[in-house]
Amino acid sequence: MKKIIALAAIAACGVAHAQTNVTMYGLLDTAIDYNTNADAAGHSRTWMPSLGGGMFPSRIGFRGTEDLGGGLKAIFTLETGIYTDSGTTGQGNRLFGRQAWVGLAGSWGQVTLGRNYNMLYNSMPEVEIIGPAQYGLGSLDAGIPNGRTDNSVAYKGTFGAVTVGATYSLGRDVSNAGGPGGTNCPGEAAADAQACREWSAMLRYDTPAWGITSAYDRKNGGTGAAAGLTTSNLTDSRLHLAGYTKFDGWRLAAGAVVRDNEGSSATPRSNLYYFDGAYKLSPVVTIDGLAGRLDYKNSGNDSTLYMLRAIYDLSKRTSTYVAIGHVSNSGTAAVALSAGGAVGAGMAQNGIITGIKHSF
């Protein structure tokens with residue numbers, strides 16, 4: 001009996017000392033942006049963009065793991081998007097708008113439940129070399145940097161050079177705040193099980209010198225949802241195919257996003273083509289850039305964007321940068337250089353943005 005009690009005490013002690021390792025992290029990026037033709041009258045504008053700096057959107061987060069034994073871990077992430085120009089939160093005024101999930105991980109991969117990145121977003125890091133920056137791909141397609149889904153289950157696993165992933169959402173966006181992060185499509189309705197569902201899948205192959213990536217994402221609409229997806233039988237889908245290479249201080253990538261958006265009756269189909277690259281000029285200086293074109297089928301309302309940026313690393317965590325950009329709009333297109341910015345319809349826009357980024 002004494003042996004049983006002693007073993008039980010040892011086991012209880014082990015459970016009591018099992019702890020979750022929690023890390024707080026963050027990134028702050030604030031910039032000053034100057035744009036020409038910021039309205040139909042051709043006025044220029046100097047401002048601090050809310051939706052991100054010249055390198056990355058700002059965020060503060062917490063991530064944690066607990067070793068459950070046998071190679072199994074409990075994992076979680078809570079991440080807040082913040083607007084450093086005003087101190088407010090982003091992603092549809094959510095407290096943890098960038099990520100909010102809990103799950104399990106092992107040698108087989110990881111499964112997470114909550115607000116997850118979709119697989120279109122997860123297919124981008126190696127090929128979107130300039131990052132989710134102002135003057136970037138998000139200016140041509142806001143769905144790329146805002147690839148997150150509420151009420152979702154996500155799986156991702158890496159096996160050698162191959163990474164696979166998938167997500168499924170029961171209600172993709174509960175916020176009605178407007179913009180790409182608040183499209184008012186909560187779903188989870190008993191009367192319409194298809195409303196506001198979203199699913200995505202990804203397949204990647206990565207080596208130290210090169211890689212290829214692919215992803216597909218499909219959103220269903222719902223009653224009252226934004227962007228024309230006002231019924232559950234309407235969908236918005238994107239197919240992403242891209243590749244990259246690294247050599248002698250260079251990183252180069254090219255890709256395409258093919259979109260079929262039934263929420264737009266005028267221009268449902270479009271192709272977004274991009275080429276970007278970076279060169280490590282010295283241990284502390286990087287030059288990178290992007291060329292992208294958004295081409296709507298059977299429409300003259302197309303846009304072409306160029307960006308060139310210089311980054312100076314003051315330390316491993318702190319960098320300053322300056323970037324110049326140009327976007328040309330044909331027809332009635334009105335794609336602005338910066339997320340949250342504006343440009344007169346059919347007008348070209350030039351810009352220069354400079355700021356500082358610090359991570360911790």
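Analyst: Let us begin with cysteine 196, which counts as buried because its relative accessibility is 4%, and buried means under 20% relative accessible area (exposed is over 50%, partly exposed in between, with a 1.4 Å probe and protein chains only). Please keep in mind that this is a predicted model, where local features need pLDDT of at least 70, side-chain atom pairs count only at pLDDT 80 or more, and totals for chains, interfaces and linings use all residues. Residues are numbered from 1 along each chain as its sequence is written, and side-chain values use heavy atoms, with hydrogens and water left out.

User: What makes the link of cysteine 185 to cysteine 196 a disulfide?

Analyst: The S to S distance is 1.9 Å, and a disulfide is a pair of cysteine sulfur atoms within 2.5 Å, so the label applies. The structure holds one disulfide. Cysteine 185 and cysteine 196 are eleven residues apart, and each lies in the loop between strand 9 and strand 10. The link is left-handed, with -90 degrees about the S-S bond.

User: Why is cysteine 185 called buried?

Analyst: Because its relative accessible area is 0%, which falls under the limit for buried.

User: How do you know that arginine 309 and aspartate 288 form a salt bridge?

Analyst: Their side chains come to 2.6 Å, N to O. A salt bridge needs a side-chain nitrogen of Lys or Arg within 4 Å of a carboxyl oxygen of Asp or Glu, so the pair qualifies. Arginine 309 belongs to strand 16 and aspartate 288 to strand 15, so the bridge ties together parts that are 21 residues apart in sequence. Arginine 309 is buried at 3% relative accessible area, and aspartate 288 is buried at 4%.

User: Which residue does aspartate 141 bridge to?

Analyst: Aspartate 141 pairs with arginine 238, with the closest N and O atoms 2.9 Å apart. Aspartate 141 sits in the loop between helix 3 and strand 8, while arginine 238 is in strand 12, 97 residues apart. Both residues are buried. The whole structure has 16 salt bridges.

User: What is said of glutamate 128, buried yet without a salt bridge?

Analyst: The nearest side chain of opposite charge is arginine 309, 9.4 Å away. For charge, Lys and Arg count as positive and Asp and Glu as negative, while His and the chain ends are not counted. Glutamate 128 does touch Leu137, Ile144 and Asp276, leaving out residues up to four places away in sequence; contact means heavy atoms within 4.5 Å.

User: Why is tyrosine 312 called partly exposed?

Analyst: Because its relative accessible area is 41%, and that value falls between the limits for buried and exposed.

User: What makes the radius of gyration agree with a compact globule?

Analyst: With 360 residues, a compact globule would have a value near 21 Å, and the protein has 22 Å, which agrees. The radius is taken over C-alpha atoms, and the globule rule is 2.2 Å times the number of residues to the power 0.38.

Technical notes. Helices (H or I, at least four residues) and strands (E, at least two) are DSSP runs, numbered from the N terminus.
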